[in-house]
Amino acid sequence: MDQETNDLIKNEIENNEVCLFMKGTPDAPQCGFSMATSNILKVMEVNFKGVNVLADQKLREGIKVYSDWPTIPPVSYTHLPLPTNREV
């Protein structure tokens, strides 16, 4: 992945409490998994940014490298603390 794509991904993650890398947009998902993840976040009233990986081939390939996952599942990153098993 080139430095520009890496910086773009890092910037999206650092500047949004929850960032969802998905196929399509939250209002027009182009994949069932992306739709399900986006809908869950909407129902839970989570303020999130959807990033359409289909809009940019470098981003589409870069998120696979960044997430260390060979396909493009919806990947979300958050700056919010995750609950411990005592809080669940």
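Which residues make a nonpolar surface patch of about 350 Å²? Ile40, Val43 and Met44 do. Patches consist of residues with over 30% relative accessible area and no salt bridge; like charges are joined within 9 Å, and nonpolar side chains (Val, Leu, Ile, Met, Phe, Trp, Tyr) within 5 Å. A salt bridge puts a side-chain nitrogen of Lys or Arg within 4 Å of a carboxyl oxygen of Asp or Glu. Ile40 belongs to helix H2 (residues 32-43).

This is a predicted model: local features need pLDDT of at least 70, side-chain atom pairs count only at pLDDT 80 or more, and totals for chains, interfaces and linings use all residues. Residues are numbered from 1 along each chain as its sequence is written, and side-chain values use heavy atoms, with hydrogens and water left out.

Now the overall layout. The protein has three helices and three strands. Along the sequence they follow α-β-α-β-α-β. Helices (H or I, at least four residues) and strands (E, at least two) are DSSP runs, numbered from the N terminus.

Of contacts between residues at least 6 apart in sequence, 64% join residues at least 24 apart. Contact means heavy atoms within 4.5 Å. The accessible surface is about 6,000 Å², with 53% belonging to carbon and sulfur atoms. Such areas come from the Shrake-Rupley method with a 1.4 Å probe; for residues, only the protein chains shown count as cover.

Buried residues make up 28% of the 88 residues. Buried means under 20% relative accessible area, exposed over 50%, partly exposed in between (1.4 Å probe, protein chains only). Take Asn6, in helix H1 (residues 3-14). Asn6 counts as buried because its relative accessible area is 15%. Beyond neighbours within four places in sequence, Asn6 contacts Met1 and Tyr66.
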